[in-house]
Amino acid sequence: MDNQCVNLLKSLIKNKCVNDGTPGSGNEIKSARTLKKFFHSYKIKSEILESAEGRANIIVRIPGTDPHAPSLMYMSHMDVVPAKEDDWSCDPFGADERGGYIWGRGTLDMLNITACSASAFAELVKKHKRFPGDFIYLAVADEEASGRLGARWLVENHWDKVKTNYMITEGGGFFVRGKQGTGITITTGEKGLAWTKLTTEGNSGHGSLPYRAKNAAIKVARAVTEMQHQPLKPIITKEYREMVKNLNFPTVTQNLLLNPLTINLTLKQLYASTPGLARYLHAVSRMTISPNILRSGNKVNIIPDKGEIDLDIRILPGQNVEDVMAGIKSALGPFKEDFTIEVVDYFPSNVSPVETPLFEATVEIFKSIYPGISSIPTLFSGVTDARFWRMRGSTVYGFCMFDEDMTLDEYVRMLHGKDERVSLKSLELAHNYFLNLPEVFYRKAAQSQ
Ligand SMILES: [Zn+2]
């Protein structure tokens with residue numbers, strides 16, 4: 001096992017770059033300096049770009065030998081989400097090594113990749129000096145908030161420095177075991193988001209006289225109930241179809257999941273055995289609307305004249321703001337005239353193609369370790385920093401190598417939760433993946449030209 005990689009991971013955990021969503025948190029400069037020192041020990045020059053005080057990003061770009069060859073980037077984030085220390089069986093920022101695992105906040109999301117891709121990158125530059133295309137390492141701040149001080153800021157302000165044709169980042173490499181075989185997920189895209197505010201009016205009045213009052217709080221309650229009863233119709237997209245086909249279900253189940261008339265009942269049955277998978281397949285087969293904040297009234301004896309609902313809406317590839325408006329109106333049913341609708345934050349769904357040298361290289365490498373296992377191109381239900389590059393035409397996949405215990409269910413269970421940990425075996429596999437990738441990638445890229 002590469003000790004450089006394990007030591008680097010431990011330092012990154014101990015740096016405690018906790019992002020609680022406020023601009024003053026994160027302090028990724030600590031880990032940026034750790035990485036700068038690490039690269040410096042290999043005589044590799046890196047550059048730190050600060051978006052705000054303490055909010056640092058670090059980049060290394062090794063120019064390629066052929067200006068026509070595609071560039072390849074390893075991209076990760078240095079910030080982590082907070083940890084409730086009382087819930088943990090160890091210090092979440094102690095970086096303990098115990099039972100074949102490194103324990104600590106960020107060991108799966110995603111300091112494992114930040115460390116393993118850095119150690120492999122440094123080793124490769126030392127050995128090969130240069131590849132045909134630009135070879136880039138980027139570690140960013142603020143992924144756990146919105147990327148405003150990290151990825152988004154870099155793409156908007158330093159595109160020349162952070163542009164790339166191909167990128168590997170977080171979000172894949174998890175085992176899914178079905179009745180007919182096992183697959184490994186490679187995230188190829190994400191759903192889009194449309195955070196939306198619904199507003200309604202009522203007539204204020206005295207709380208002691210409710211008869212026939214126009215109470216905005218009641219309108220809010222009715223609307224939320226209606227949205228639960230009028231769920232949006234499933235859509236069998238190309239991405240969903242491919243995913244279901246790759247999930248190793250028996251043919252009967254597969255057909256039921258691919259039929260808009262039978263999918264909902266099948267998901268209900270699937271939920272009994274694998275709730276995580278059922279929730280996931282539900283999310284990627286439709287636009288989802290989740291009413292997450294309700295506001296109305298501010299005094300117990302006054303009938304409220306205003307009500308608001310904040311909706312977290314997630315959209316499929318190909319859907320846009322018009323589809324969002326139509327979706328809300330359909331979900332509101334008879335109450336649609338009662339509300340004004342305002343989309344307050346919007347980002348479209350984004351998907352990279354699978355017929356690329358980077359996808360093929362990744363499959364070739366994991367099959368050399370896990371023969372007979374298939375690849376599962378996956379649409380992520382949430383958002384990551386990958387979206388900022390996909391929107392500018394980069395091909396981006398979420399992938400890392402793990403040991404065979406890292407199932408999709410296990411990952412979802414530990415993500416942002418207590419006792420987050422990564423096995424030494426997984427770290428070794430990840431380091432080797434990042435070490436082998438450029439050679440296989442540039443071989444495939446040359447073949448496809
Ligand atoms: Zn992450």
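## Basis of the model

Residue numbers start from 1 in each chain and follow the sequence as written. Because the model is predicted, local features need pLDDT of at least 70 and side-chain atom pairs count only at pLDDT 80 or more, whereas totals for chains, interfaces and linings use all residues.

## Domains and their contact

The domain assignment, which is automatic or taken from a database, gives domain 1 (3-178 + 350-447) and domain 2 (190-347). Their centres, taken over C-alpha atoms, are separated by 33 Å. Domain 1 brings 18 residues to the contact and domain 2 brings 17 residues, two residues being in contact if their C-beta atoms, placed from the backbone, lie within 7 Å.

On the side of domain 1 that touches domain 2, at least two residues each come from strand S8 (175-178), strand S16 (350-351), strand S17 (374-380), helix H13 (386-390) and helix H14 (408-414). Helices (H or I, at least four residues) and strands (E, at least two) are DSSP runs, numbered from the N terminus. S17 gives the most to this side, with six residues. By type, the residues on this side of domain 1 are nine nonpolar, seven polar and two charged; here Ala, Val, Leu, Ile, Met, Phe, Trp, Tyr, Cys and Pro count as nonpolar, Asp, Glu, Lys and Arg as charged, and the others, Gly among them, as polar.

## Nonpolar cores

A nonpolar core is a set of buried Ala, Val, Leu, Ile, Met, Phe, Trp, Tyr and Cys residues joined through C-beta atoms within 7 Å. A residue is buried if 20 or more other C-beta atoms lie within 10 Å of its own, exposed if 12 or fewer, and partly exposed in between, with C-beta atoms placed from the backbone. The largest core has 98 residues, and Leu9, Leu138 and Ala430 have the most contacts inside it. At least three of its residues come from each of domain 1 and domain 2.

Neighbours within four places in sequence aside, Leu138 is in contact with Ile59, Met73, Met75 and Val162. Another core, of 19 residues, lies apart from the largest one and includes Ala216, Ile289, Leu316 and Ile328.

Helix H15 (residues 424-447) has 24 residues and spans 35 Å from its first C-alpha to its last, close to the 34 Å expected; the expected span is 1.5 Å times one less than the number of residues. H15 bends by about 40° at Leu437, with the proline Pro438 following within four residues. The bend is the angle between axes fitted to the seven residues ending at a residue and the seven starting there.

Buried residues of H15 include Leu427, Ala430, Phe434 and Phe441. The partners of the buried residues of H15 include helix H1 (3-14), helix H3 (111-128) and strand S6 (135-140). In H2, the buried residues are Ile29, Ser31, Ala32, Thr34, Leu35 and Phe38, and they pack against H1, strand S1 (47-52), strand S2 (55-62), H3 and S6.

## Backbone features in loops

The peptide bond from Asp109 to Met110 is cis, with omega near -15°. Met110 lies in the loop between strand S5 (101-103) and H3.

Although not a glycine, Lys16 has a positive phi of about 55°. Lys16 sits in the loop between H1 and helix H2 (29-40), and is partly exposed, with 17 other C-beta atoms within 10 Å. His416, also not a glycine, has a positive phi of about 60°. His416 belongs to the loop between H14 and S19 and counts as partly exposed, with 14 C-beta neighbours inside 10 Å.
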